[in-house]
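Subject: Structure handover

Hi,

Here is the structure I promised. My notes on its helices follow below.

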Amino acid sequence: MHKRVLVTLALGLLLSGCGIIDRYFLPEPLDTVQEIFEAGNDAMQDKNYVAAARYYARIKDDYPFSPYAVEAELSLGDAYFLDREYDLAAEAYRDFETLHPRHEAIPYVLYQLGVALHLGYVSVDRPATQVEEALEYFQRLRQVYPDTEYAAKSDEQIVSCRALLARRETYIADIYWSMNNYQAAWTRYENVVKNFPDVEDVAEYARKKGEVAYLRYRESVSEEIREQREGTWKSLFRWL
């Protein structure tokens, strides 16, 4: 009987000790959505965007009907954006627009989405699909929400996107030029001159290169015709 009492006391002290250790050395659990949201906001203020994104994503995934869910979904995009995770930011902003198309923050969301897509494009040697998509968001913002501050800010972004697309097209034309494919190069240069006259420096470069490319293309065609004719005459003489 005495041994049982000792064992019981020992277990009690052990469990009590674990509780004391947990209280002093382990963080308090986040039990409410409000606490999770506030923790995310604190992390944002501390510029700990990875932790902030984790808190906001938890609310989005586990508490989608919470009163904090909408704000958390928007803040999730901001946390990714500030952490320069532009692909993740664009995805979060897209989700927000899909879920809340009439929310008052939509002009901001469209602008941030366009900027995230634009900044996520790192080199002209890659397909420019996301730059084209960014341009569409900025143009849509100008058309649908013309009186907002974000529509006004979109003007500069539109100019930048178009300049990037013009340089991308010129880059491809230059590749064709280096391969002596002057017909394809001329076509690309002409596309720049026709579709991007507002990007004056690039359009002027494309115009000059296009003129030379066209001349070289015509020379190559004439040379091919001459060679074909010579080949025909040589075959005729051999037959005779």
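Angles under 35 degrees count as roughly parallel, over 145 as roughly antiparallel, 65 to 115 as roughly perpendicular and the rest as oblique. They run from 0 to 180 degrees between N-to-C directions, and axes are lines fitted to C-alpha atoms, for helices over the stretch in contact. Contact means heavy atoms within 4.5 Å.

This is a predicted model: local features need pLDDT of at least 70, side-chain atom pairs count only at pLDDT 80 or more, and totals for chains, interfaces and linings use all residues. Residues are numbered from 1 along each chain as its sequence is written, and side-chain values use heavy atoms, with hydrogens and water left out.

Helices here are DSSP runs (H or I, at least four residues), numbered from the N terminus.

First pair: α8 (residues 149–178) and α9 (residues 182–195). Their axes come within 7 Å and cross at roughly 165°. The two are therefore roughly antiparallel. Residues in the contact include R162, E169 and W177 of α8 and R188, Y189 and N195 of α9. By class, that contact has ten nonpolar, three polar and four charged residues (Ala, Val, Leu, Ile, Met, Phe, Trp, Tyr, Cys and Pro count as nonpolar, Asp, Glu, Lys and Arg as charged, the others, Gly among them, as polar).

Axes come within 7 Å and cross at roughly 160°. So α4 and α5 are also roughly antiparallel to each other. Among the contact residues are L74 and F81 of α4 and Y93 and F96 of α5. The classes are twelve nonpolar, one polar and two charged.

Last, α3. What covers its buried residues (under 20% relative accessible area, 1.4 Å probe, protein chains only) includes α2 and α4.

Best wishes
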